[in-house]
There are 2 protein chains.
Amino acid sequence: MIQRGGTGRPRAELDVKTTKAEPQPADFADVRATNLAVVLRHLRVNGPSSRASIAASTGLNKATVSSLTSDLIGQRLLRETGLSGNRIGRPSTVLALDGSAYAAIGLQVAADSLTALAVDFAGDRLLLWHRAFDGEPATTGAGRAVTAITALAQRAAVRVRQQGRRVLGLTVAVPGLVEDGTVRLSPPLGWSDVDLGGRLAGSLRQPGLDVAVANHAGLAALAELRHGGHPAGLDLTYVTGAAGLEAGIVADGRLLLGARGFTGQIGRFALGPAGSPTLQDLAGIEPLVRRTLPDVDPEALTDLGPAVEQLAVLARSGDAGAVAALRDTGCHLGQGLALVANLVNPEVIVLGDHYASLAEWIVPAAEAELARHTLAPAAGGARLVASALGRHAAALGAAVSHLDRIDTGHLPETR
Amino acid sequence: MIQRGGTGRPRAELDVKTTKAEPQPADFADVRATNLAVVLRHLRVNGPSSRASIAASTGLNKATVSSLTSDLIGQRLLRETGLSGNRIGRPSTVLALDGSAYAAIGLQVAADSLTALAVDFAGDRLLLWHRAFDGEPATTGAGRAVTAITALAQRAAVRVRQQGRRVLGLTVAVPGLVEDGTVRLSPPLGWSDVDLGGRLAGSLRQPGLDVAVANHAGLAALAELRHGGHPAGLDLTYVTGAAGLEAGIVADGRLLLGARGFTGQIGRFALGPAGSPTLQDLAGIEPLVRRTLPDVDPEALTDLGPAVEQLAVLARSGDAGAVAALRDTGCHLGQGLALVANLVNPEVIVLGDHYASLAEWIVPAAEAELARHTLAPAAGGARLVASALGRHAAALGAAVSHLDRIDTGHLPETR
């Protein structure tokens, strides 16, 4: 049966529904799931390890580690990779995550492009495709757009299966407000109330495939948390710099979902009388391009990439107008991020997409304003960094969200 | 040994340190702690119940419930309270939370007053004291202020012990930034880097007493979550309306702590050039009083209560200036709360302290601005309500934070 994701934001470490209800009774199955998670997370973070070193590092006893790893090898989630050369005693067998059986797919929808990305359980990339895309306003039902998304998802799933992997799940990352698989409102796409999850599930017809739709900023934050090179357990906020200005907030190792999944709408920030400009107006990439490159035809501005590159070239050549415009964007962005720092006190704020490409000129001004507008000295310790994940962070996060579920000890059902 | 709280914000449902690190191995002790928590939370939420109804409601089997409740009775956390009159079969013994053995104390520090409150484990109030207080800037080391706080804490602890209860813990709620027991920065008190936790622990000399210092808004949010009459598991933001303008954010049943506990600083919100007014300037209670009641001597404004009452009397009598000023405060507050709704998407925003007293004139304007400035329609479902907990919500939250710890299955150590 095709299952649709229950929330508009991706699952993070724990299932949202159980944490919001009364505490649930625990039994021995929970202990085993927790300990499976401990072993998987140890290998995810530390790389290949012997059973003895897993036991020593996690505090689990050796017999328990043997039993847990035996289960995981049987499920093709771990594999033995040879012998370690210990200096003392016999060499021991090394275990690693096994990517040969399972994979997950992420799709990233922007106003101008579609991205598909698949990773296996070991985290190795199986495919990365980009397609030009016309977001098509929902006035026409967004039918052609959904058809294009479904077709790309279908082709990616076929390709992954040809590579011998079972597809555990597929998540579509979109800008805007998502609830129960439906895009409630997406200003960048021009969509409202588009049941993307239902239409995908109806078209894909893949038994057992977990299909979800979620906000792109939250998914990118999950990708950043896992693959951004940060220490484990960091309180991190990811800021999108392509399709709209949104934030994904990770706190205490979990994505902040809020009541309905509508968190992170920083582009809408405004203070002042009616008609005051929003943070998107003041610090968004598209307004920046329109102000700085007036020769660019607004109708033709479907892909911001070339314009952003042109802006970087101008700034690098010392063009005073471009440098001043980027500094101005940085100032406004820093003021907006100070609101984030004052409210949720992240350790790191990661600038994604086009902000990352322009970080050299944006970050210094943003840092100064961030510090100046935050009550806590030095912005409560918040550091501003450019993402190293490039423009498909949300697609990566969409795929790895399905691996996260296994990493919490919820092993795939055997068929 | 006296233990000081490890974070500036109170513990919520789970210990923060373990959730931020790698997942920890579980064992049978964890299962038992989880199931003890399930039984305690069932009785906390549903009131006195028979063993059979606890088993039926929680899904624990009857033998497990018997064993767990027997432990809890032995620890004097539960007591038998008589027989239920079941319609079918024999009447069964009813169990209730036992308040006779343990209690906890909360102190609330504002610029003009100290409040002490104690509750027993069953949640019954043992004492509630108010004292006039001079916040005394830290330029003089805040020595007299700390002495006054310590003296009140000491008297409260003695009184609770005279009432036959063991004091499990004492938490002091203060406005501003708190870290590891130290008040890093508190604009309303005029304090910076005051080691209140250390000085309290040094003075109290109570073996086994857990002493903590935490932000007042977070503690008030915990009190609101438990005693505000809301459904369990609500995503709730509490807004302080007395000593400064701060927010306590509960998401997924847990207090949002951030990297260093410096969350909820909404009074500092500003967007615009240097010198732009902050949300505290535009929507704070003290600026409102100064603007609306120019006859009030600013130097004498140590207790806002009488001035707020005077404002309410004016508004009730239809005074156009007072009504307009309150509406203006409501507009700005609504714009600030829209930032909160856009970023963390709460289900309920609770206005505390003086905002609650003035809600009749503030809320309509605030609701309109909140909805207008939030991307999600109807502010993503966020409702604006006045707190029913009065002016000592933070003291109540400070006390119950120690009961929350037991409710998660961490029973007090026997001595």
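Reader: What rotation and what shift superpose chain A on chain B?

Author: Glad to start there! A rotation of 180° with 0.0 Å of shift along its axis does it, with an RMSD of 0.1 Å. The superposition is by least squares on the C-alpha atoms of residues with pLDDT of at least 70 in both copies. The two copies are therefore related as by a two-fold rotation axis. In chain A, the C-alpha nearest that axis belongs to A:Leu271, 3.1 Å from it.

Author: Two notes on how to read this: the model is predicted, local features need pLDDT of at least 70, side-chain atom pairs count only at pLDDT 80 or more, and totals for chains, interfaces and linings use all residues. Residues are numbered from 1 along each chain as its sequence is written, while chains are lettered from A and ligands numbered from 1 in the order in which they are written.

Reader: How do you know that the copies meet through the same surface?

Author: Of the interface residues of chain A, 100% are also interface residues in chain B, so the surface is the same. Two residues are in contact if their C-beta atoms, placed from the backbone, lie within 7 Å. The contact takes 57 residues from chain A and 58 residues from chain B.

Reader: Which helix gives the largest share of the side of chain A that touches chain B?

Author: Helix 2 of chain A does, with 9 residues. Helices are DSSP runs of H or I with at least four residues, strands are runs of E with at least two, and both are numbered from the N terminus. By class, this side of chain A has 29 nonpolar, 18 polar and 10 charged residues. Here Ala, Val, Leu, Ile, Met, Phe, Trp, Tyr, Cys and Pro count as nonpolar, Asp, Glu, Lys and Arg as charged, and the others, Gly among them, as polar.

Reader: Why are helix 2 of chain B and helix 3 of chain B called roughly perpendicular?

Author: Helix 2 (residues 28-46) and helix 3 (residues 51-58) of chain B pack at an angle of about 110°, with their axes 11 Å apart. Angles under 35 degrees count as roughly parallel, over 145 as roughly antiparallel, 65 to 115 as roughly perpendicular and the rest as oblique. The two helices of chain B are therefore roughly perpendicular to each other. B:Val38, B:Val39 and B:His42 of helix 2 of chain B make the contact with B:Ile54, B:Ser57 and B:Thr58 of helix 3 of chain B.

Reader: What makes A:Leu236 count as buried?

Author: A residue is buried if 20 or more other C-beta atoms lie within 10 Å of its own, exposed if 12 or fewer, and partly exposed in between, with C-beta atoms placed from the backbone. A:Leu236 has 24 C-beta neighbours inside 10 Å, so A:Leu236 counts as buried. A:Leu236 lies in strand 13 (residues 236-239) of chain A. Leaving aside neighbours within four places in sequence, the contacts of A:Leu236 include A:Val250, A:Pro346 and A:Val348.

Reader: Why does A:Arg79 count as partly exposed?

Author: A:Arg79 has 17 C-beta neighbours inside 10 Å, and therefore counts as partly exposed. A:Arg79 lies in strand 3 (residues 78-83) of chain A. Not counting residues up to four places away in sequence, A:Arg79 touches A:Ile73, A:Ala96 and A:Asp98.

Reader: How many of the 415 residues of chain A count as buried?

Author: The share is 55%. The secondary structure of chain A comes to 14 helices and 17 strands.

Key
Axes are lines fitted to C-alpha atoms, for helices over the stretch in contact, and angles run from 0 to 180 degrees between N-to-C directions.
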